[in-house]
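Here are my notes on this structure, as numbered points. Please keep the model open beside them as you read.

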Amino acid sequence: MNLKHILMAAGAVVFTACGQTTPTNNPVPVKPPTTPMTSFPLQRTEAEWRKILTPEQYRVLRESGTDRPFAGQYWNTKEPGIYRCAACGEVLFKSDDKFDSGCGWPSFSQIAAQGKVVARVDNSLGMRRTEVLCANCGSHLGHVFDDGPAPTGLRYCINSTSIHFGDTNAPAAKPVEKK
Ligand SMILES: [Zn+2]
């Protein structure tokens, strides 16, 4: 069996954009899959999002805005619970995976379950970063970096404005209505 050809075939499927042929059993942390903006299960027009979200939520979630460091609602939250998407209510992160990164934004070492967020290359601000979006509604959450703690080695740096904290047993929260 020709391993190189198998890996190239796998790479052609998974890494079409960058042409890598990295073996799938590589111990390097696996980044979330990339997804085109049109494939999110929950589709709303931007006009609908503007009605549902506050201006600040819209700026961060729909226009890829960023909270100021050490200023968001949850950067220092340590209570047990879950963090849902502030736009659609999907469970995205758990307090068990939240850690004190010192960066001034809520930081998580992993997502609540596989497939809850998707990644997209972000070349804005003269940097090459990996943006993370809610896999359900496509709203901007923050970025993921590879300087997190073991075992994942990942740091999901998330805007407080993009998430909503709640008790683990609480029912799914509805999107926050504009006051
Ligand atoms: Zn969402």
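1. Two strands pair if DSSP finds at least two bridges between them. Helices (H or I, at least four residues) and strands (E, at least two) are DSSP runs, numbered from the N terminus. With that in hand, look at β6 and β7: they pair in the antiparallel sense over 4 bridges.

2. A word on the source. This is a predicted model: local features need pLDDT of at least 70, side-chain atom pairs count only at pLDDT 80 or more, and totals for chains, interfaces and linings use all residues. Residues are numbered from 1 along each chain as its sequence is written.

3. Now the overall plan. The protein has 3 helices and 9 strands. Along the sequence, the pattern reads α-α-α-β-β-β-β-β-β-β-β-β. Of the 179 residues, 31% are buried. Here a residue is buried if 20 or more other C-beta atoms lie within 10 Å of its own, exposed if 12 or fewer, and partly exposed in between; C-beta atoms are placed from the backbone.

4. Go back to β6 and β7. They form a hairpin with 5 residues between them. Gly138 sits in the turn and has a positive phi of about 80 degrees. Leu133 has His140 in β7 as its bridge partner.

5. Follow β7 onward. β7 and β8 run antiparallel, joined by 4 bridges. Phe145 has Arg155 in β8 as its bridge partner. Why is β7 largely enclosed by the rest of the structure? Because 5 of its 6 residues are buried.

6. The loop between β7 and β8 holds Pro151. Check the peptide bond between Ala150 and Pro151: it is cis, with omega about 5 degrees.

7. Next, an open sheet. It has 3 strands in the order β2-β1-β9, with antiparallel pairing. β2 and β9 stand at the edges, each with a single partner strand, so one side of each has no neighbour in the sheet. Neighbouring strands of this sheet are turned by 30 degrees against each other on average, direction ignored. (Axes are lines fitted to C-alpha atoms, for helices over the stretch in contact, and angles run from 0 to 180 degrees between N-to-C directions.) β1 and β2 are joined by 3 bridges. Ile82 has Lys94 in β2 as its bridge partner.

8. Which residues have the most contacts inside the largest nonpolar core? They are Leu92, Val117, Cys134, Tyr156 and Ile163, in a core of 32 residues. Among the elements that give two or more residues to this core are α3 (55–62), β7 (140–145) and β8 (155–158). A nonpolar core is a set of buried Ala, Val, Leu, Ile, Met, Phe, Trp, Tyr and Cys residues joined through C-beta atoms within 7 Å.

9. Take Tyr156 by itself. Leaving aside neighbours within four places in sequence, Tyr156 is in contact with residues including Phe93, Phe108, Val132 and Val144. Contact means that the C-beta atoms of two residues, placed from the backbone, lie within 7 Å.

10. Last, inspect the loop between α3 and β1. Ser64 lies there, and its phi is positive, near 55 degrees. Ser64 counts as partly exposed because it has 18 C-beta neighbours inside 10 Å. Phe70 is in this loop too. Phe70 also is not a glycine, yet has a positive phi of about 60 degrees. Is Phe70 buried or exposed? Phe70 is exposed, with 11 other C-beta atoms within 10 Å.
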